[in-house]
Amino acid sequence: MALNKQTIKQILGELPYTAELYWQFRQGGKPLNKSFSLRRTEQRLPLWKAQAQAARAAALQRMGQAFDSLPYIEPRKVLIFTTLRYWIEHGVLLGMAAAGLGHQVTLAYLPYGNWRVRGNRFDQRRHNAYAQKVLQQAAPLLQTVSFYDLILDQQLNAQLPGQLGDAIEALSFRDVQYSLNLEEVDRNSDTPERDTPARALYRLRLERNTQAAQAALYWLSRNRPDVLLTPNGSILEMGAVYLVARHLGIPVVTYEFGEQRDRIWMAQNDEVMRQNTDAVWQAHGSTPLRDEQWQQVRELFASRQRADLWQNFSRRWQGQPGQGGEQARQALRLDQRPVILLAANVIGDSLTLNRQVFTESMTDWLQRTVRFFYALEGVQLVVRIHPGERYTQGPSVAEVVCSAVRGAVPDLPAHIHLVAADAALNTYDLLEIADAGLVYTTTVGMEMAMSGVPAVVSGQTHYRGRGFTLDPGSWQEYEQAIMGILSNPTGARLTQQQVEAAWRYAYHFFFEYPRPFPWHLLHFWNELESWPIARVLSAEGLAQFGRTFDELFEVPAHGI
């Protein structure tokens, strides 16, 4: 019987050295495909290395001294873990900068090109050989280790400790939710033949996350760093390595990038996507804003209303400029009954997953809320579907809302209105006519408070509990909060002190919580033109970014 190509690859993938030799002699050391091409990194590594070496020599000269113009950065043993082509490339650049500052740096990686496609071992081993060939050029300044080599070692098949294994299962489930923009996923299947795409993806994510955790547990137990850095920390193999570091008590810093260029989010011993702003708020929350700070946050808020880009922000929050509240009222045919604005997140967004407080999920919150309002004909509920749904493939909030009342869109009661993701309506116009707002984790809840509108927050979001929102801890408290507002909408408006607190918080969230950083993940190839390693590690660059680098490589003093 003739063997097809995939069967041959499966056989060869189990034989030692076959994939590596094939890659070396038949492919000439080139990448398999564009999805895992490190060509740009390979081209620039000699320059990065030379610039980092020069900066390192200068850093070593000033070790142990304090300078007014340059931050002192204590040398540390740093491990950076990444996977996927773009994170690996960014990790190499970050590692070179860390080495240039005098740190002892190792880059650990998994050479995967896609987190949703299994592929075959023959191709994966060729990816691994290619990545090793490119990245070894960074030595000795940047040491590299492939966790895939450890995965190929059969000794890693030991079962993970109980709590860590449970955490890896929860992580894998979250990966499926994130990948498919789903919250309700059935992980059980009698046979692979009856698998749904979600079940098959769960099995793949569980396998890869378990392998990553086993490799990290093995390596970190023998090569303990002072601090581990990994992107995100909430999903994929990066989340698995984060969990292992926490399990071993190794200090870990997670980092991510938002809509602002020249800024980075980071968290110490925490998942950065939790957006924990406690330290910033405790330090500055009670301090009045200066005039220039007021101007800055007002200009930002105005740009969001106008659907404009502003300064270093790269996202438009609305597709339609504001036209005024009355026009929105007419477009939706709203009357003078109280208006409750429900601003939804995208289903399966990383900022909603595992953020439940008193409901099972955001989907559960939506359905129960719609059922609650179904019989309240004296109130008008406006459900604003997140504009980001235009770019996702999962189920729409509209489907969730309609399924909650077992009907199609035309069968919704007249007092419940859906505003589609692509509707020619601005959320801030809806906010202008709202008597109250309902949110899960969306930033719109903070902006409701900035406008004096009482916002009832149902998910664990960064601005919850800051003193300017209503934060129920149970479904009963949630209903009571809504009915309390409806009993006296005018009296429920926020006080001037609460509104000012919301504006102060917004300023610190947008302008203090993100730290200055030269290389945004989405733009760093272009930003390298303005901020090469040599300039970043110069007196000029360290004056701007030095504190951020110190915090990135800092050993957290709490939460270990």
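This is a predicted model: local features need pLDDT of at least 70, side-chain atom pairs count only at pLDDT 80 or more; totals for chains, interfaces and linings use all residues.

Where are they in the chain? Both belong to helix α17, which covers residues 475-487, and because they are three residues apart there, about one helical turn separates them.

Now a second pair, Y507 and F511, which is tilted as well: 5.2 Å centre to centre, with 40 degrees between the planes. These two sit in helix α18, residues 496-511, and they are four residues apart, about one turn of the helix. Are they buried or exposed? Y507 and F511 are both buried.

How many aromatic pairs are there by this rule? The count comes to 31. Some of the rings join up into a cluster: W87, Y255, F257, F517, W519, F549 and F553 are linked by ring pairs.

Rings also turn up next to charges here. R222 has its charged end over the ring of Y218, 3.8 Å from the centre of that ring. R535 does something of the kind with W531, lying over its face at 3.7 Å from the ring centre.

Okay, on to the sheets.

Let's take the seven-stranded sheet. It's open, the pairing is mixed, and reading across you get β3-β2-β1-β4-β5-β6-β12. Which strands are at the edges? That would be β3, residues 142-146, and β12, residues 515-516, each pairing on one side only. If you zoom in on β3, its pairing with β2, residues 104-110, is parallel and runs over five bridges. Within that, Y109 has S146 of β3 as its bridge partner.

Helices lie across these strands, too. Helix α4, residues 85-100, lies across β1, β2, β3, β4 and β5, and runs at about 165 degrees to β1. Then there's helix α21, residues 539-552, which lies across β4, β5, β6 and β12, at about 30 degrees to β6.

There's also an open sheet of five strands, with parallel pairing, in the order β9-β8-β7-β10-β11. At its edges are β9 (416-419) and β11 (455-457), and each has a single partner strand, so one side of each has no neighbour in the sheet. From one strand to the next, the twist averages 20 degrees. Looking at the β11 end, three bridges join β11 to β10, residues 436-439, and the two run parallel. In β11, it's V457 that stands opposite V439.

Last stop: T363, which is found in helix α13, residues 362-374. Why do I call T363 buried? Because its relative accessible area is 5%, and the cut-off I gave you at the start is under 20%. And what does T363 touch, leaving aside neighbours within four places in sequence? The contacts of T363 are E183, E184, I347 and V400.

That's my tour, so over to you for questions.

Note on methods:
Residues are numbered from 1 along each chain as its sequence is written. Side-chain values use heavy atoms; hydrogens and water are left out. Two strands pair if DSSP finds at least two bridges between them. Contact means heavy atoms within 4.5 Å. Axes are lines fitted to C-alpha atoms, for helices over the stretch in contact, and angles run from 0 to 180 degrees between N-to-C directions. Rings of Phe, Tyr and Trp (its six-membered ring) pair if their centres lie within 6.5 Å; planes under 30 degrees apart count as stacked, over 60 as edge-to-face and the rest as tilted. Buried means under 20% relative accessible area, exposed over 50%, partly exposed in between (1.4 Å probe, protein chains only). A charge sits over a ring if NZ of Lys or CZ of Arg is within 6 Å of the ring centre and within 35 degrees of the ring normal.
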